[in-house]
Amino acid sequence: MQDEMDSLHENHTYELTKVPKGKRALRNKWVYKLKPGDSGNPPRYKARIVVKGFRQKKGVDFNDIFAPVVKMTSIWMVLSIAASMNLEVKHWDVKTAFLHGDLEKEIYIQQP
């Protein structure tokens with residue numbers, strides 16, 4: 001959990017503020033997963049915070065908002081370019097896939 005919170009903080013993903021009148025703060029929850037270890041490494045626990053977007057109400061706090069993330073076709077393209085140029089891909093580590101997505105609307109969530 002601490003890694004996720006540190007990553008959100010280091011990337012300036014949010015700022016603490018009071019919710020303005022007429023706006024609602026969406027609720028969130030922690031999702032935990034045990035990732036199996038590979039190449040003899042022990043399994044590790046991962047935690048991420050997700051917003052309960054299903055609780056949004058049309059006309060109040062809902063307007064087709066999403067966070068863009070990488071598409072599998074982009075990954076396939078990079079791998080195919082590496083293969084065609086006889087390059088070796090050593091390691092990819094994506095901790096936070098939403099870093100390059102800019103939202104045009106303000107979204108308020110409860111503090112985790």
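**View 1. Asparagine 86 comes after helix α2 and has a positive phi, near 55°.** Helices here are DSSP runs of H or I with at least four residues, strands are E runs of at least two, and both are numbered from the N terminus. This is a predicted model, where local features need pLDDT of at least 70, side-chain atom pairs count only at pLDDT 80 or more, and totals for chains, interfaces and linings use all residues. Residues are numbered from 1 along each chain as its sequence is written, and side-chain values use heavy atoms, with hydrogens and water left out. Asparagine 86 takes that phi although it is not a glycine. Asparagine 86 is also exposed, at a relative accessible area of 71%. For the cut-offs, buried means under 20% relative accessible area, exposed means over 50%, and partly exposed is in between (1.4 Å probe, protein chains only).

**View 2. Helix α2 covers residues 72-84, with isoleucine 81 among them.** From first C-alpha to last, the 13 residues of α2 reach 18 Å, close to the 18 Å expected at 1.5 Å a residue; the expected span is 1.5 Å times one less than the number of residues. Isoleucine 81 is partly exposed, with 42% relative accessible area.

**View 3. Met77, Ile81, Met85 and Leu87 make a nonpolar patch on the surface.** Patch members have over 30% relative accessible area and no salt bridge; like charges are joined within 9 Å, and nonpolar side chains (Val, Leu, Ile, Met, Phe, Trp, Tyr) within 5 Å. A salt bridge would be a side-chain nitrogen of Lys or Arg within 4 Å of a carboxyl oxygen of Asp or Glu.

**View 4. Helix α1 (residues 2-10) has Glu4, Ser7 and Leu8 as its buried residues.** Looking down the axis of α1, these buried residues fall within an arc of 100°, so they line one face of the helix; the arc is that of the directions from the helix axis to the C-beta atoms. Turned away from that buried side are the exposed Gln2, Asp3, His9 and Glu10. The buried residues of α1 pack against β1 (28-35) and β2 (44-51), with contact meaning heavy atoms within 4.5 Å. Just past α1, histidine 12 has a positive phi of about 50°.

**View 5. Isoleucine 107 and leucine 26 sit 8.0 Å apart in space, C-alpha to C-alpha.** In sequence, the two are 81 residues apart. Isoleucine 107 belongs to the segment after α2 and is partly exposed, with a relative accessible area of 38%.

**View 6. Zooming back out, the protein runs α-β-β-α along its sequence.** That's two helices and two strands. Of the 112 residues, 11% are buried. The accessible surface comes to about 10,200 Å², and 54% of this belongs to carbon and sulfur atoms. Among contacts between residues at least 6 apart in sequence, 61% join residues at least 24 apart.

Key:
Accessible areas come from the Shrake-Rupley method with a 1.4 Å probe; for residues, only the protein chains shown count as cover.
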